[in-house]
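Open the model in your viewer and keep the selection tool at hand. The stops below say what to select next and what is there.

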Amino acid sequence: MRVAIATLGCKANQYDSEIIKESFEEKFSTLVPFSEPADVYVINTCTVTGKTDFQARQLIRRAYRNNPHAKIVVTGCYAQSSPEELKKIPGVSLVIGNPDKWEIANLLSEAEKIPSSGMMVTPIEKEILFPEKRVKKFSARTRFFLKIQDGCNARCSYCIVPRVRGKSRSMAPKTVLDLLNSIGLSGYKEAVLTGIHLGAYGQDLSPQTSLLNILREIEKQMPVPRVRLSSIEPNEINQELIDFLADSRLVCPHLHLPLQSGSNIILRKMNRSYSAENFHSLVVKLTNSIKGLAIGVDVIVGFPGEGEEEFYQTLYLLEELTITYLHVFPFSPRKGTVAFNLPEKVNGNTVKKRGEILRRLSKKKRESFYRSYLNKKLPVLIEARRHRKTGLLKGLSRNYIPVLIEGGDDLMNQEITVRITSVEGEEVKGETVQ
């Protein structure tokens with residue numbers, strides 16, 4: 001069987017897709033690029049926004065054009081939330097929800113197990129344990145995304161994730177450490193710890209533990225040279241964690257914080273558990289404590305009730321803070337969430353203009369951060385692929401600066417010292433330092 005797999009959405013989804021790929025390889029399938037003709041197309045979807053739903057439908061139609069006779073399997077969060085909607089799309093053979101996505105390869109090899117409806121979507125609320133499925137082999141590249149937590153117990157008014165990912169569930173600490181050892185032995189130089197609600201890691205386990213505890217254990221063992229954290233909630237960063245990050249030889253000085261709004265009125269409507277003042281204090285504390293820290297921030301524009309005053313409160317807060325870049329999202333109403341029915345919808349053109357203002361700020365902040373390292377030395381991990389546009393080696397500093405350098409392939413997958421020689425917009429170039 002020729003199998004093509006496409007993944008949308010978060011890094012947790014990317015980890016899930018790695019497990020799905022391995023399950024097909026165990027059935028002696030050949031994995032091919034999604035653009036090529038295949039016997040089976042698997043689309044691991046996201047449903048955080050209307051845009052990701054649209055992208056999933058596009059991928060389904062592309063697969064159908066590539067081979068109208070192929071089996072098209074749709075799984076992931078969109079499949080969990082709207083299976084009937086997906087099953088109606090021409091060419092879709094099977095829709096599988098998040099709890100059963102690991103069984104796709106088995107189902108296709110034992111067709112009698114496939115429900116006559118072509119849908120297998122069980123209630124995610126019943127899932128109380130972290131899925132025991134794990135990646136078994138690691139084909140050495142440079143960075144590996146390791147999902148150590150799934151689900152979310154928060155109830156942000158705009159977010160559909162708890163309905164499609166379920167309750168917060170954590171990977172056992174021993175499993176985390178075992179997998180990180182395998183990742184390191186396979187040649188990876190960086191592991192990115194991911195989750196849907198990473199800061200809640202360990203709270204569901206018995207005995208209970210925490211993200212800080214598992215980070216301390218990883219630091220003791222040093223199974224990989226670098227560890228990076230994915231997004232973490234502002235209210236889950238305490239002084240103990242800040243002190244640990246400030247002293248860590250292993251965890252990269254790079255954090256991604258979801259702010260969503262700088263207006264306290266909007267934050268309350270979003271059911272977020274902090275204020276704009278809390279966020280401001282946290283960022284000041286972080287930048288004063290952790291040398292060279294890069295901070296990325298998520299922001300939603302156009303949430304219902306966001307007037308000019310609320311938007312400019314967000315803008316002024318972000319202008320004032322020492323942050324590195326923004327991820328800007330237009331509000332996307334999700335059926336089944338509280339925000340879906342909120343009044344005071346914001347005009348689409350207004351949302352677009354506000355988004356552009358914040359993206360311009362992001363560009364300015366990013367370039368300023370990069371320029372602060374001009375003529376300075378940084379440890380840079382060189383990736384296993386060259387930059388497509390220039391053919392130069394490309395790498396990533398510990399504090400998330402992408403750097404282009406000249407050099408041979410022997411530098412790939414090595415962390416080397418680089419002097420930053422030029423910054424043009426968002427393009428950073430450097431030279432190796434002997």
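The structure holds one cavity of 30 Å³ or more. A cavity here is a set of points on a 1 Å grid over the protein atoms alone where a 1.4 Å probe fits but cannot get out. This is a predicted model: local features need pLDDT of at least 70, side-chain atom pairs count only at pLDDT 80 or more, and totals for chains, interfaces and linings use all residues. Residues are numbered from 1 along each chain as its sequence is written, and side-chain values use heavy atoms, without hydrogens and water.

Select Phe-130, Pro-131, Glu-132, Lys-133, Arg-134, Met-171, Ala-172 and Thr-175. They line the largest cavity (each has an atom within 4 Å of a point). Its volume is about 40 Å³, the space filled by probe spheres set on the points.

Next, select residues 254-260, strand β12. Strands are DSSP runs of E, at least two residues, numbered from the N terminus. Which way do the residues of β12 point? His-254, His-256, Pro-258 and Gln-260 point one way, and Leu-255, Leu-257 and Leu-259 the other.

Leu-255 has Ile-295 as its bridge partner.

Move to β18, residues 415-424. Five bridges join it to β15 (residues 377-386), antiparallel. Lys-377 stands opposite Arg-419.

Finish with β19, residues 427-432. It pairs antiparallel with β18 over six bridges. Glu-424 stands opposite Glu-427. Two residues lie between the strands of this hairpin, and Gly-425 takes a positive phi near 65°.

How values were computed
1 Å grid on protein atoms, 1.4 Å probe; cavity = no way out; pocket = protein on both sides within 12 Å on 5 of 7 lines; lining within 4 Å. Buried < 20%, exposed > 50% of the residue type's maximum accessible area, 1.4 Å probe, protein only. Helix = DSSP H or I, 4+ residues; strand = E, 2+ residues; numbered from the N terminus. Pairing = 2+ DSSP bridges.
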